[in-house]
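User: I have a model open and want to learn how to read it. Can you take me through it feature by feature?

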Amino acid sequence: MIKSYCTLICIALLPLFSIAQAPSNSYLIRAGKFYDAEKNVFIKNQEIWIEGNSIKAVGNKLTVPKGTTIIELPNATVAPGLIDAHTHLLMLQKVDDNIAIDVLMNSPEYRVLRAAGFARSYLESGFTTIRDLGNSGKYLDKEVAVAIRRGFVQGPRMLVSGPILSAMDGQFYQLPQKDQEAITKSEYRVISGVQDAIQAVKEHVNNMVDVIKIVAFGERMGLEMEEMKAIVQTAHQYGLKVTAHANSDNIIQQVLEAGVDGIEHAYYISDSSLARMARRGVYMVPTDPSIQAIIDTEEAQRKKEHDTTEIKKMLQPLTDRLTRARKMGVLIVAGSDAYFDTKSSRGNAAKQTLAAYWEEGMPVTDILQAATWNAALALGRKNELGVLRQGAKADIVVFNGDLEANFKKTLFDVRMVIKDGKIVHQP
Ligand SMILES: [Zn+2]
């Protein structure tokens, strides 16, 4: 009898005793330099207290429970885990091959396993969230996302689009027409009419995608305006955003007319379209290559001589449109669109886009904000992702050295990655 009372009392008192004791994954990070994504500034000597999977507090001289692990990082830069808002984990294209080769030559099982490897490399490069935008078979992106969430494989948290909604030709160009239709159907959700457009969004909702991606125009044909409007309206009804692959200004004008939430690439865009985007809060994902990314691609093509002046000249139109977009107040969201087979790891290839923004004249703070705070806004995860503040997810990347002073080198020198409050990478 006495024994059972004791058990009861002991269990009842247990929470009182544990108050003073930190849980096993309670960390206090002392950062020499800290990037505040919300205010878009670097701050010296900040403390970040993590408990469980979230941020408990950020500030100075924080009082933490006994047993909290202190991580001293006086010579490092601490930032929210990076977000890549435009990935293709299920796709790998050899630089000289047609984009359809990957689908034709490789089984879905192989592509899923390969994607798990890419996911791991993203995490090791400091990306703790990615948004995967199609070219992923029939919802293979979803399989990878779930496996990561359940801890079977390690990778960033994944938001996914499922198959891209497109017209009959998808994005498989230069294929014989007889093959094109069948291959497109294996990778895209081909839309035929307004009712079908509504049905396609509902299928995606039922498969629990996080975003709808459309290709407004392929090689030979595009979605009808009424189809796009139906897609946007239905997606919004179900609380999903719609993002559009659109490269040229006339297509951009059409997707803006249809009411999309974001535009991917936007390589050629007029000031009037930019003004419309800024006014309506439509974000832009400039998937720009850096000079090094171009050199990596050229090397994969066995080209040995690289003319950087020529590369810069080629990239100038992208720089011009990014500069105009920023001046006009368009929300810039970082996205790599990395899928080429080069010597770079997938995660580092994705980071070349951040290097590109730097080469295009963006301040380091703005680049980081595009890859954290702004990306979280585009993903509908404000205050939860892309920021280190009380209550946010404890997703953190630590760089060796001063990221602000020496951006392009430090960006590739990752010291530690924390996802969901757990140290997941520490080279
Ligand atoms: Zn893409």
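User: What should I know before I start?
Analyst: This is a predicted model: local features need pLDDT of at least 70, side-chain atom pairs count only at pLDDT 80 or more, and totals for chains, interfaces and linings use all residues. Residues are numbered from 1 along each chain as its sequence is written.

User: What is the mean pLDDT of the chain?
Analyst: pLDDT is the predictor's confidence in each residue, from 0 to 100. The chain has a mean of 93, and 95% of its residues reach 70 or more.

User: Over which residues does pLDDT stay under 50?
Analyst: Over residues 1–19. The model gives this stretch zero contacts beyond four places in sequence. Two residues are in contact if their C-beta atoms, placed from the backbone, lie within 7 Å.

User: How does the radius of gyration agree with a compact globule?
Analyst: The radius is taken over C-alpha atoms, and the globule rule is 2.2 Å times the number of residues to the power 0.38. For 427 residues a compact globule would have a value near 22 Å; the chain has 23 Å, which agrees. Residues 24 or more positions apart account for 70% of the contacts with a separation of 6 or more.

User: How many helices and strands does the chain have?
Analyst: Helices (H or I, at least four residues) and strands (E, at least two) are DSSP runs, numbered from the N terminus. The chain has 15 helices and 16 strands.

User: How do I read a sheet?
Analyst: Strands of a sheet pair through backbone hydrogen bonds, either parallel or antiparallel. Two strands pair if DSSP finds at least two bridges between them. Here, three strands form an open, parallel sheet in the order β5-β6-β7. β5 (82–87) and β7 (157–160) are at the edges with a single partner strand each, so one side of each has no neighbour in the sheet. β6 (residues 127–132) pairs with β7 over four bridges. I130 has M158 in β7 as its bridge partner.

User: Why does A266 count as buried?
Analyst: A residue is buried if 20 or more other C-beta atoms, placed from the backbone, lie within 10 Å of its own, exposed if 12 or fewer, and partly exposed in between. A266 counts as buried because it has 28 C-beta neighbours inside 10 Å. D337 has 22, so D337 is also buried.
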